[in-house]
Amino acid sequence: MVRKILVSAFFGFLAVGVSTQAFAQADVNEKRQQLMKGQSAAVKAIKGAIESKDYVTIETKAKDLMGSSDRIVGSFPKGSTTGKTRATEAIWDKSEEFAKHAKALGTASGELADAAKAKNDDAIAAKMKSIGATCDTCHKVFRAAKYSE
């Protein structure tokens, strides 16, 4: 009888531990996806603001993008490839390269903010091209085509 209780308790604690880990992983993925969706929204807002020559919005959203780029690497704790995610193992296998992409995004975003403040359309166009190339290159290497589950 005592053995059955101990075995039941063991499996009960094991189930709680596994489900807690699963919820924690889902939270990491959700926060990471919110960060990336925020970046996408900032880029879309910048594109619209470029068309209307709204330099204040370009500068503001570029600074938002710059700030969020500082959080990219920390949003990918080692092993966070389970659950709904498009992160690939390459993020951790090539962590220095991944960090360089995040830093490049932050740098280009800061330069875009400066260009917007100066109302320099040529520099704005060049920096947007740089941001797009940085995002595309990073996604090709570090993001899977489909969500895992």
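Contact here means heavy atoms within 4.5 Å. The legends below describe a predicted model.

**Figure 1. Overview of the secondary structure in the predicted model.** The protein has five helices and two strands, arranged along the sequence as α-α-β-α-α-α-β. It contains 149 residues, of which 31% count as buried. Among contacts with a separation of 6 or more, 73% join residues 24 or more positions apart.

**Figure 2. Close-up of the packing of helix 2 against helix 4.** Helix 2 spans residues 55–69 and helix 4 spans residues 95–117; their axes come within 8 Å and cross at roughly 160°. Angles over 145 degrees count as roughly antiparallel, and helix 2 and helix 4 are therefore roughly antiparallel to each other. Their crossing is left-handed. On the helix 2 side, the residues in the contact are Tyr55, Ile58, Glu59, Ala62, Lys63, Leu65, Met66 and Ser69. The helix 4 side consists of Ala102, Leu105, Gly106, Ser109, Gly110, Leu112, Ala113, Ala116 and Lys117. By class, the residues of this contact are ten nonpolar, four polar and three charged.

**Figure 3. Close-up of the packing of helix 4 against helix 5.** The axes of helix 4 and helix 5 lie 9 Å apart, at an angle of about 165°. Helix 4 is therefore roughly antiparallel to helix 5. This crossing, between helix 4 and helix 5, is left-handed. Helix 4 contributes Glu97, Phe98, His101, Ala104, Leu105, Ala108, Ser109, Glu111, Leu112, Ala115 and Ala116 to the contact. Their partners in helix 5 are Ala123, Ile124, Lys127, Met128, Ser130, Ile131, Thr134, Cys135, Thr137, Cys138, Val141 and Phe142. The contact of helix 4 with helix 5 divides into 15 nonpolar residues, five polar and three charged.

**Figure 4. Close-up of the largest nonpolar core.** In soluble globular proteins, nonpolar side chains tend to be buried together. The largest core in this model has 28 residues, and Ile58 and Leu112 have the most contacts inside it. At least two core residues come from each of helix 1 (2–52), helix 2, helix 3 (90–93), helix 4 and helix 5 (121–142). Helix 4 gives the most, with eight residues.

**Figure 5. Surroundings of Ile58.** Leaving aside residues up to four places away in sequence, Ile58 touches Ile46, Ala49, Ile50, Leu112, Ala116 and Ile124.

Key: Residues are numbered from 1 along each chain as its sequence is written. This is a predicted model: local features need pLDDT of at least 70, side-chain atom pairs count only at pLDDT 80 or more; totals for chains, interfaces and linings use all residues. Side-chain values use heavy atoms; hydrogens and water are left out. Axes are lines fitted to C-alpha atoms, for helices over the stretch in contact, and angles run from 0 to 180 degrees between N-to-C directions. Helices (H or I, at least four residues) and strands (E, at least two) are DSSP runs, numbered from the N terminus. Angles under 35 degrees count as roughly parallel, over 145 as roughly antiparallel, 65 to 115 as roughly perpendicular and the rest as oblique. A crossing is left-handed if the near helix is turned anticlockwise from the far one by less than a right angle, and right-handed if clockwise. Ala, Val, Leu, Ile, Met, Phe, Trp, Tyr, Cys and Pro count as nonpolar, Asp, Glu, Lys and Arg as charged, and the others, Gly among them, as polar. A nonpolar core is a set of buried Ala, Val, Leu, Ile, Met, Phe, Trp, Tyr and Cys residues joined through side-chain atoms within 4.5 Å. Buried means under 20% relative accessible area, exposed over 50%, partly exposed in between (1.4 Å probe, protein chains only).
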